[in-house]
Amino acid sequence: MHNHKGSISTEQGSLEEVQVLEGHTDRVWCSAWSPLGDMLASCSGDRTVRIWSRQQPGSDAWSCSAILEEAQTRTIRCVAWSPNGRCLATASFDATTAIWEVQAGAWEQVALLEGHESEVKGAAWAPSGMLLATCSRDKSVWIWDAMPGHEYECADVKQGHTQDVKSVTWHPDGDVLVSTSYDDSIRLWSDAGDEWSCAQTLEGPGIGHESTVWGVAFDRDGSRAASVSDDRTLRLWRCGRDRGEPRWRLLACLSGFHERSIFSVDWGVSGIATGSGDNAIRVFVEDAAPEPGRGASDPGAAPPAPAFRLAAQRRSAHPSDVNCASGGAPLQGNAVPHGSEPPG
Amino acid sequence: MDLINPSPILHARKSARRRLEPCEVVDESARQPIDVLEVFEHLRDVTDPEHPYTLEQLNVVSEEHIDVSDAESYVRVQFTPTVQHCSMATLIGLCLRVKLMRALPPRFKVDISVAPGAHATEDAVNKQLADKERVAAALENPNLLSMVDRCLASADA
């Protein structure tokens, strides 16, 4: 493990604001690009989901093309696109998850998943699109089978976290589900045939986060993951395997870059993007080569840990907390939309 | 129901030193910077959830435990529950957060915490009060919101 203290390089790229999408009337909690990058979904404390699209094909201007409402009665905390981009899952504090699909040119609610006892905080589709995971204030993670005809059946309920589960994220291979919690831990759930079992819990001194873990993101091939926390650190993990079971190891802990809680992380083609309560969006990249001379004095030393540096940051990206930062789909380059608090 | 603290010690209310000006001043450059006194004015008359007294009278909030920087847009408030095992601590903290959320411009980062050593489960209370997602969910609970509004009514007058 390698600790990086915050030092801001002078050779930084910049993040430029492309457009502000206005319409939500309360805090925006989450935004997500569709897999093709042709739509952006956002959700809010105003109990609506908005879909944003280009005003005309090829246009650089985005506008709201649909408002999804009246299916859920409280804050909508999370939106997740199915891998084929046809379905949108929306998780609400009203304890439900709604599934939406375009039918005859209009967004329709096609299913409502009930079962959690309290606020649903996250939802994520497996890469196959056959499974949907949800997590809740009720400390549980649910795995749902997506059946033909918009039928959803609960395949498994995982207890294990001792406090609210804040997020769920699938490994790109689809056989490992990652959950993060208010109990400061990250849990890895793996497919054990007839059920999902907890293969590893990342927690405790020297390894785990020291406060609520808000989210996790994988690099493209799933060999590494990044996690972010209320402890203001970004941790990088090597996602190894041992006899088929996931076995993660802490690679690096980046502290000193964020001034307040880190609420969101995404790992895209341009690097690792974070959204923080200090109003900033930051992008971290891996240094191509280790610093000269590092480890040279001790021939027996382990190979140097990968070095990550802050490549770009946009302070005051929003007038208040950045709740979500998500990189664009590969086709869209590196746009970073971000949910935020409502304007003053 | 038994009271958690049947006989709280009362403290005299200090005389009001300054009238609150409306905070939605349009011209930011012409306004008075927000300071400790102003934040205290917002909080002093919040009613305790258990007793018919204000948080100032019970010495739950005081000027000494408020830290403000207008330039850096932050407010930190430490409060002292009247007893160490006070089960109302989270509710009091929530009232303080909501009051400041409504009274201050949204650029302010507000941190509410129990004064060190003032509560048996200090870390748990502080973590809960700092979790914006839990706070947002709590305020969508009509029962909890009406309890908060009841405590704030006296301070909003």
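The entries below follow the order in which I looked things up.

**Entry: ground rules.** I am working with a predicted model, in which local features need pLDDT of at least 70 and side-chain atom pairs count only at pLDDT 80 or more, while totals for chains, interfaces and linings use all residues. Residues are numbered from 1 along each chain as its sequence is written, chains are lettered from A and ligands numbered from 1 in the order in which they are written, and side-chain values use heavy atoms, with hydrogens and water left out.

**Entry: aromatic pairs.** I looked up aromatic pairs over all chains and found ten. Rings of Phe, Tyr and Trp (its six-membered ring) pair if their centres lie within 6.5 Å; planes under 30 degrees apart are stacked, over 60 edge-to-face, and the rest tilted.

I noted A:Phe257 and A:Phe284, an edge-to-face pair at 5.2 Å centre to centre with 85 degrees between the planes. This pair links distant parts of the chain, 27 residues apart: A:Phe257 is in the loop between β21 (245-255) and β22 (262-268) of chain A, and A:Phe284 is in strand β24 (residues 281-286). Strands are DSSP runs of E, at least two residues, numbered from the N terminus. I found both A:Phe257 and A:Phe284 buried, meaning under 20% relative accessible area with a 1.4 Å probe, protein chains only.

Why is the pair of A:Trp267 and A:Phe308 edge-to-face? Their ring centres are 6.3 Å apart and the planes stand at 85 degrees, so the pair gets that label. A:Trp267 is in strand β22 and A:Phe308 in strand β25 (residues 308-314) of chain A, 41 residues apart. A:Trp267 counts as buried because its relative accessibility is 15%; for A:Phe308, also buried, the value is 4%.

**Entry: chain A against chain B.** I found 28 residues of chain A in contact with 15 residues of chain B, contact being heavy atoms within 4.5 Å. The two chains bury about 1,700 Å² between them, 41% of it on carbon and sulfur atoms; buried area is the accessible area (1.4 Å probe) lost on being put together, summed over both parts. In chain A, A:Arg74, A:Tyr182 and A:Arg260 lose the most area to chain B, together 32% of what that side buries.

**Entry: charges.** The charged end of B:Arg134 sits over the ring of A:Tyr182, 3.8 Å from its centre. I apply this when CZ of Arg or NZ of Lys is within 6 Å of the ring centre and within 35 degrees of the ring normal. B:Lys132 has its charged end over the ring of A:Phe263, 4.6 Å from the centre.

I counted ten salt bridges between chain A and chain B, each a side-chain nitrogen of Lys or Arg within 4 Å of a carboxyl oxygen of Asp or Glu. One of them joins A:Lys166 and B:Glu133 (2.6 Å, N to O).

Methods: Helices (H or I, at least four residues) and strands (E, at least two) are DSSP runs, numbered from the N terminus. Buried means under 20% relative accessible area, exposed over 50%, partly exposed in between (1.4 Å probe, protein chains only).
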